[in-house]
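Please look at the structure before reading on.

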Amino acid sequence: MSNNNHHLPKVEKSGNVKIITFTGDEVRDVENVLASELHGHMENLKECHLLLDFTHVQYLSSVELGTLITLHKRVKASGGRLTLFNLNAQVYEVFTVTRLQTYLGICREDVRSSVKASRPNRTTGLLAQSSVDKRKSK
């Protein structure tokens, strides 16, 4: 599933909040990079708020969209929440064309910088800020 050139995503965890920052891997059209990078990080999702940082993702394949839909269902079934953020215009357009922005929680801003500037308690701040951003995106 992964090759020697594949980089591991950055993973941050604080309480029940987990942030995964995807890499800028260029082989997206050949393999499901999102699934590769999520592998091993999807345990203990019960009541977890999973935030996926798309800063380095330039485009998505249809298979990767399927991975995100499956992940959303899995997180929701475990009582958690999934939020995607830092999507560039091209990636966000994929979600609007497919109308998946109405199904998935998407924040157009970097929730980390907003939280650092306004809240000392990172976990509470992430949850509060992402709730506000989610309402803004509707």
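In this predicted model, Phe 54 touches Phe 22, Leu 34, Leu 60, Leu 68, Leu 84, Phe 85, Asn 86, Leu 87 and Val 91, leaving aside residues up to four places away in sequence. Phe 54 is also among the residues that touch the most other members of the largest nonpolar core.

**Nonpolar cores**

- The largest nonpolar core has 25 residues, and those touching the most other members are Leu 52, Phe 54, Leu 60, Leu 68, Leu 84 and Phe 95.
- At least two residues of this core come from each of α1 (33–38), β3 (49–53), α2 (62–77), β4 (81–85) and α3 (89–97).
- Helix α2 gives the largest share of this core, with 4 residues.
- A separate, second core has 5 residues, including Val 17, Ile 19, Leu 51 and Cys 107.
- In soluble globular proteins, nonpolar side chains tend to be buried together.

- Strand β3 is mostly covered, with 5 of its 5 residues buried.
- From β3, His 49, Leu 51 and Asp 53 point one way, while Leu 50 and Leu 52 point the other way, and all are buried.
- In a regular strand the side chains alternate between the two faces of the sheet.
- Strand β3 pairs with β2 (residues 17–21) over 5 bridges in the parallel sense, and Val 17 stands opposite His 49 in this pairing.
- Strands β3 and β4 also run parallel and are joined by 5 bridges, with Asp 53 opposite Phe 85 of β4.
- Together, β3, α2 and β4 form a β-α-β unit that is right-handed.

**Helix α3**

- Which residues of α3 are buried? They are Val 91, Tyr 92 and Phe 95.
- The buried residues of α3 pack against α2, β4 and β5 (105–107).
- Val 94 and Ser 62 are 32 residues apart in sequence, and their C-alpha atoms are 9.5 Å apart in space.
- The N-terminal end of α3 is capped by Asn 88, which has a side-chain oxygen 3.0 Å from the backbone nitrogen of Gln 90.

**Loop residues**

- Thr 23 sits in the loop between β2 and α1. Is Thr 23 buried or exposed? Its relative accessible area is 10%, so Thr 23 is buried.
- The side chains of Thr 23 and Glu 37 make a polar contact of 2.3 Å.
- Asn 86 lies in the loop between β4 and α3 and has a positive phi of about 60° although it is not a glycine.
- Arg 99 lies in the loop between α3 and β5, just after α3, and takes a positive phi of about 60°.
- Arg 99 is not a glycine either. With 55% relative accessibility, Arg 99 counts as exposed.

**Chain as a whole**

- The protein chain has 5 helices and 5 strands, in the order β-β-α-β-α-β-α-β-α-α along the sequence.
- The chain is 138 residues in length, and 46% of these residues count as buried.
- Of the contacts between residues at least 6 apart in sequence, 64% join residues at least 24 apart.

Conventions. Residues numbered from 1 in each chain as written. Predicted model: local features only at pLDDT ≥ 70, side-chain atom pairs only at ≥ 80, totals over all residues. Heavy atoms only, no water. Core = buried A, V, L, I, M, F, W, Y, C linked by side-chain atoms within 4.5 Å. Buried < 20%, exposed > 50% of the residue type's maximum accessible area, 1.4 Å probe, protein only. Contact = heavy atoms within 4.5 Å. Pairing = 2+ DSSP bridges. Right-handed = clockwise from strand over helix to strand, strands pointing away. Polar contact = N/O pair within 3.5 Å; in protein donor to acceptor, adjacent residues only side chain to side chain.
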